[in-house]
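Please open the model in your viewer, colour it by secondary structure, and keep the sequence panel at hand. The stops below go from one selection to the next, with a word on what is found at each.

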Amino acid sequence: GGFLNGWNFSVATMDRLVDAIASTPVDFIELGYLDDHPDLPEANSLPSSTLHRYRTHAPKLAGMIRPSCPNWKSVLERRSGLLHLVRVTVQVNDPSPSFEIAATAKNMGFQVTLNLTNVSAFPLEKLAEVVAQAPSVDAIYLADSRGHLQPKDIAPMVAAVRSGWPGAIGFHPHDNRS
């Protein structure tokens, strides 16, 4: 829902959501994006104070980081020990910045996943080529950011990615077309 409300969730709403999800058998709760820009809403920056607030009543915490985050290394350093998993968004046509973030986060002790965005916009060969160059991470997710894929598209896409990636593969769907 963050794209619909500009990530302006109230603390009460965030608390209610985290508490509800923490009562289920999930492995991780992703709270939002990581960034230190002072003008961003809490769920679009996840300052250390937010992570401290949820550490006691949530399972493992996760956050997502974009390659456009200007000071990503210090952002990760400030959240070390507070966050278990970092999900790094990857622009398929320019994966190198994301790969650098992912490798650094892995070396810092985070679990790391790569989230290839807008996968419906690229040929399967391109996806296979990109994941073959990926650093060692815990999983690669195919994100249908546009909500354009059909069920029949998934198996060939996973097969193409499997040809270049031996590790865990996930799928992050959006249902924009019902």
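Begin by selecting β1 together with strand β2, residues 60–65, in this predicted model; the two strands run parallel and are joined by four bridges. To find one place where they meet, pick F28, whose bridge partner in β2 is K60.

Now widen the selection to the whole sheet, which is open, has six strands in the order β1-β2-β3-β4-β5-β6, and shows parallel pairing. Its edge strands are β1 and β6, the latter spanning residues 168–172, and each of these pairs on one side only. If you look across the sheet, neighbouring strands are turned against each other by 25 degrees on average, with direction ignored.

Is E42 buried or exposed? With a relative accessibility of 19%, E42 counts as buried, because the cut-off for that class is under 20%. When its neighbours within four places in sequence are left aside, E42 is in contact with V11, M14, P47, T50 and R53, so show these side chains alongside E42.

Next, select helix α4, residues 72–79, and helix α5, residues 96–107, whose axes come within 11 Å and cross at roughly 25 degrees. That angle makes α4 roughly parallel to α5, since angles under 35 degrees are classed in this way. The crossing in which α4 passes α5 is right-handed. To see the residues involved, display W72, K73 and L76 from α4, which meet E100, I101, T104 and A105 from α5. Sorted by class, this contact of α4 with α5 has four nonpolar residues, one polar residue and two charged residues.

For the last stop, move to helix α6, residues 124–132, and select L127 within this helix. L127 has a relative accessibility of 0% and therefore counts as buried. Which residues surround L127, once its neighbours within four places in sequence are left aside? L127 is in contact with V92, L116, V119, F122, M157 and V161, and displaying these side chains together shows the surroundings of L127.

Terms used
Residues are numbered from 1 along each chain as its sequence is written. This is a predicted model: local features need pLDDT of at least 70, side-chain atom pairs count only at pLDDT 80 or more; totals for chains, interfaces and linings use all residues. Side-chain values use heavy atoms; hydrogens and water are left out. Buried means under 20% relative accessible area, exposed over 50%, partly exposed in between (1.4 Å probe, protein chains only). Contact means heavy atoms within 4.5 Å. Axes are lines fitted to C-alpha atoms, for helices over the stretch in contact, and angles run from 0 to 180 degrees between N-to-C directions. Angles under 35 degrees count as roughly parallel, over 145 as roughly antiparallel, 65 to 115 as roughly perpendicular and the rest as oblique. A crossing is left-handed if the near helix is turned anticlockwise from the far one by less than a right angle, and right-handed if clockwise. Ala, Val, Leu, Ile, Met, Phe, Trp, Tyr, Cys and Pro count as nonpolar, Asp, Glu, Lys and Arg as charged, and the others, Gly among them, as polar. Two strands pair if DSSP finds at least two bridges between them.
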